[in-house]
Amino acid sequence: MGYIFAFLIGFGLAVTGGVTIIAYLNFLPAGLSWADYFIFIQGRIECYFLPIGILIMTFVIYRFPNRL
């Protein structure tokens with residue numbers, strides 16, 4: 001049961017981070033360059049949720065492959 005909970009936490013973090021990164025793409029038509037965009041999302045904490053969530057899901061899947 002704990003493995004499923006950890007997987008769902010990782011999935012939620014990945015979705016939150018991915019949606020945030022996509023939402024910040026709206027700054028590009030407003031005049032930001034790609035370099036400015038990447039500098040901006042580098043400083044936002046919620047954009048780090050995507051790689052953290054993917055790492056948690058990967059750990060759960062490869063550590064406990066027969067439990068899900």
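A salt bridge here is a side-chain nitrogen of Lys or Arg within 4 Å of a carboxyl oxygen of Asp or Glu. With that in hand, select R44 and E46: they form a salt bridge, and the closest N and O atoms are 3.2 Å apart. The structure holds 1 salt bridge. Side chains of opposite charge can pair when their charged atoms come close. R44 counts as partly exposed because its relative accessibility is 32%, where buried means under 20% relative accessible area, exposed over 50%, and partly exposed in between (1.4 Å probe, protein chains only).

Before going on, note that this is a predicted model, in which local features need pLDDT of at least 70, side-chain atom pairs count only at pLDDT 80 or more, and totals for chains, interfaces and linings use all residues. Residues are numbered from 1 along each chain as its sequence is written, and side-chain values use heavy atoms, with hydrogens and water left out.

**Helix α1**

Select residues 2-23, which are helix α1 and include I22. Helices are DSSP runs (H or I, at least four residues), numbered from the N terminus.

Start at A6, in helix α1. A6 is partly exposed, with a relative accessible area of 25%. Show its contacts (heavy atoms within 4.5 Å): leaving out residues up to four places away in sequence, A6 touches I56 and V60. Then draw a distance from A6 to A35: 29 residues separate them in sequence, and 34 Å in space, C-alpha to C-alpha.

Move along helix α1 to T16. T16 is partly exposed at 39% relative accessible area. From T16 to G53 is 37 residues in sequence and 9.0 Å in space, C-alpha to C-alpha.

Next select T20, also placed in helix α1. Is T20 buried or exposed? T20 is buried, with a relative accessible area of 15%.

**Core and surface patch**

Select I21, Y24, Y37, I41 and C47. These 5 residues make up the largest nonpolar core, meaning a set of buried Ala, Val, Leu, Ile, Met, Phe, Trp, Tyr and Cys residues joined through side-chain atoms within 4.5 Å. Within this set, I41 touches Y24 and C47, not counting residues up to four places away in sequence.

Now select I22, L25, W34 and F38, a nonpolar patch on the surface with about 440 Å² of accessible area together. I22 is exposed, at 57% relative accessible area. Patches are made of residues with over 30% relative accessible area and no salt bridge; like charges are joined within 9 Å, nonpolar side chains (Val, Leu, Ile, Met, Phe, Trp, Tyr) within 5 Å. The areas come from the Shrake-Rupley method with a 1.4 Å probe, and for residues only the protein chains shown count as cover.

**Helix α3**

Select residues 49-63, helix α3, and pick I54 in it. I54 is partly exposed at 40%.

From I61 to L13 the C-alpha distance is 16 Å, at a sequence separation of 48 residues.

**Record**

Finally, select residues 6-27 and 47-65, which UniProt lists under "transmembrane region" in an unreviewed entry. Such annotations may be inferred rather than shown by experiment; positions are in the numbering used here, and feature names are shortened. In the model, residues 6-27 are 82% helix and 0% strand, and their end C-alpha atoms lie 33 Å apart.

How values were computed: Helix = DSSP H or I, 4+ residues; strand = E, 2+ residues; numbered from the N terminus.
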